[in-house]
Amino acid sequence: MATALATSLPSVSPLLELGAYEALWSEKTASFKAIADRFRAHPDALPSDFVMATIAEDFAKRAIALLNQAGVARFGVRINGAGEYPKKLRDAGHPVELLYYQGWWDLVESPCVAVVGTRTPSDDGIRRAAKLTECLVRDGFTVVSGLAKGIDSIAHQTALESGGRTIAVIGTPLSHAYPKENRDLQRRIADKFLLISQVPVYRYSTQDWRLNRLFFPERNITMSALTLGTVIVEAGETSGTLVQARAAVHQGRKLFILDSCFRNPKLTWPSRFEKLGAIRVRDYEDVRQQLVDQAHQG
Amino acid sequence: MSTKLTRVDGLLLADHCYLDAEDECYFVGEYTARAGYAFSPTNDLIQNLKKPMDRLGLPEWKYKERAIAQAGDTLRGAIPQEWLESATVVPVPPSKAKNDPLYDDRLLRVLHRLGSNIAIDIRELVVQTKSTAAAHESSDRPTPTDLLDIYSIDTAKAKTEQKKLVVFDDLLTTGCHFRAIKQILRAEFPNKPVIGLFIARRVPDSAAI
């Protein structure tokens with residue numbers, strides 16, 4: 001990859017940055033926070049500024065081999081500082097310097113709304129998620145979710161069935177699908193729409209599920225940053241969805257909570273987030289009013 | 001902070017079938033529009049830049065003017081002055097000849113914007129001897145060999161003391177135009193490196209493959 005340059009034009013090599021990002025993640029103490037801290041201290045830096053080129057090249061080879069083995073032949077990366085990196089990602093508490101994607105990148109700049117919730121929804125929750133998604137599609141929004149079981153899957157599937165656009169921000173590398181039954185849905189989204197992952201491919205391959213599951217809530221923070229707002233359809237007291245609720249509040253994104261969550265006497269989080277500015281949604285109009293104006297301003 | 005240039009490296013090379021690992025090409029953004037949608041600023045910029053000349057005088061023309069200025073400024077922000085001042089920059093000739101009503105000098109205009117207030121050598125070294133369909137409007141895309149038949153060096157301009165030659169185009173697609181012009185320039189200036197500079201590269205639609 002490192003052919004001798006005839007000139008010295010400062011530029012970004014995506015392959016080298018991919019390898020450097022993977023190398024940073026191979027350090028034992030690596031986390032989104034630890035890596036973001038390094039870049040906070042050096043805001044103009046690229047991953048390759050912290051890693052020797054030969055090491056970055058080695059990690060790039062390893063990561064690409066893992067992706068290729070899993071059938072991921074074509075993919076792209078986005079790098080902070082280079083073209084097409086979404087500025088809105090910088091609103092995240094520990095913004096990612098690099099992410100992987102497959103599909104139609106342009107969608108990331110379309111008006112996006114996240115629809116998220118529990119992996120074990122009630123029948124009413126399923127119905128509400130589908131209805132909400134249909135309404136968002138009708139108003140021209142791209143529906144973003146995390147491709148998990150339950151509400152996430154309903155949101156993606158309904159968006160596709162309604163002829164809408166959808167983006168999946170996943171908590172595994174592009175090489176994996178979780179849950180496995182969503183593999184086809186993931187492939188369909190990658191082919192026709194947009195699949196995004198911030199999860200380091202090599203690091204993921206070296207540790208077991210107990211550590212890898214920690215990547216799931218991290219992607220909710222990125223998902224929130226990519227969207228105008230998040231709608232929570234249904235979620236328990238300890239649901240990972242609440243990570244996204246906190247992120248939305250912190251990032252200045254709209255947070256919508258369906259009224260049915262407030263009416264569930266077992267839940268304390270809806271009123272807690274309402275006090276922080278979340279909007280209680282009695283019908284779709286409550287969402288629409290807030291988002292349509294914002295989408296047009298954006 | 002201005003956007004950094006990206007180099008076409010091993011990760012991107014397969015998207016541009018006429019380029020190989022020895023080609024040194026840079027771009028700022030990526031063109032990923034599908035089915036007429038253009039949500040991203042780069043997609044918008046490229047679509048406006050390529051607005052055909054028959055729209056001249058219509059209200060939408062201002063978007064083309066704006067795109068020319070924006071493209072020049074974006075490149076200026078990404079490239080150090082000293083690098084530009086040691087280069088001869090050669091725009092890819094427009095698909096329509098100068099006497100054609102659809103002749104579009106947008107590349108030259110972007111370069112003039114980029115080079116305003118600095119000592120930059122912009123030279124239309126390569127000329128096209130007959131009009132063709134614009135590559136982005138044509139389904140029958142030429143090969144570099146086809147282009148060699150219609151490109152020639154403007155011998156009156158074929159003198160440069162600069163260290164390197166930079167071929168400039170707005171959108172890198174297959175790399176065909178760059179390769180044809182590189183071949184012509186290498187024949188004329190065998191000792192000078194020939195580098196490609198683009199506003200954006202087009203990412204092929206994965207669904208179409």
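Contact means heavy atoms within 4.5 Å. This is a predicted model, in which local features need pLDDT of at least 70 and side-chain atom pairs count only at pLDDT 80 or more, while totals for chains, interfaces and linings use all residues; side-chain values use heavy atoms, with hydrogens and water left out. Residues are numbered from 1 along each chain as its sequence is written, and chains are lettered from A and ligands numbered from 1 in the order in which they are written.

**Exercise 1. Determine the strand order of the open sheet of nine strands in chain A, and identify its edge strands.**

Step 1. Two strands pair if DSSP finds at least two bridges between them. The order in chain A is E2-E3-E7-E6-E5-E4-E8-E9-E10, and the pairing is mixed.

Step 2. Strand E2 (76–79) and strand E10 (279–281) of chain A are the edge strands, each pairing on one side only. From one strand to the next, the twist averages 25°.

Step 3. Within this order, strand E4 (residues 112–116) and strand E5 (residues 142–145) of chain A pair in the parallel sense over three bridges. A:Val113 has A:Val143 in E5(A) as its bridge partner.

Step 4. Axes are lines fitted to C-alpha atoms, for helices over the stretch in contact, and angles run from 0 to 180 degrees between N-to-C directions. Helix H1 (residues 14–26) of chain A lies across E2 and strand E3 (98–103), at about 120° to E3(A). Helix H4 (residues 123–138) of chain A lies across E4, E5, strand E8 (229–232) and strand E9 (254–258), at about 175° to E4(A).

**Exercise 2. Give the strand order of the open sheet of seven strands, and explain why one side of each edge strand is left without a neighbour in the sheet.**

Step 1. The order is E1(A)-E1(B)-E2(B)-E8(B)-E7(B)-E3(B)-E4(B), with mixed pairing.

Step 2. Strand E1 (11–12) of chain A and strand E4 (121–122) of chain B stand at the edges; each has a single partner strand, so one side of each is left without a neighbour in the sheet.

Step 3. Strand E3 (residues 87–91) of chain B pairs with E4(B) in the parallel sense over two bridges, and B:Val89 stands opposite B:Ile122 in E4(B).

Step 4. H1(B) lies across E2, strand E7 (164–172) and strand E8 (194–202) of chain B, at about 100° to E2(B).

**Exercise 3. Describe the area buried between chain B and chain A.**

Step 1. In the interface, 40 residues of chain B are in contact with 39 residues of chain A.

Step 2. Buried area is the accessible area (1.4 Å probe) that two parts lose on being put together, summed over both. Here it is about 3,100 Å², of which carbon and sulfur atoms give 57%.

Step 3. B:Lys4, B:Leu11 and B:Phe39 supply 23% of the area that chain B buries against chain A, more than any other three residues.

**Exercise 4. Characterise the largest cavity and its lining.**

Step 1. On a 1 Å grid over the protein atoms alone, a cavity is a set of points where a 1.4 Å probe fits but cannot get out, and lining residues have an atom within 4 Å of a point. Grid points are joined across faces, edges and corners, and a volume is the space filled by probe spheres set on the points.

Step 2. The largest cavity has a volume of about 40 Å³. Its lining consists of A:Tyr21, A:Trp25, A:Phe32, A:Ile35, A:Ala36, A:Pro95, A:Val96 and A:Glu97.

Step 3. The largest share of this lining, three residues, comes from H2(A).

Methods:
Helix = DSSP H or I, 4+ residues; strand = E, 2+ residues; numbered from the N terminus. 1 Å grid on protein atoms, 1.4 Å probe; cavity = no way out; pocket = protein on both sides within 12 Å on 5 of 7 lines; lining within 4 Å.
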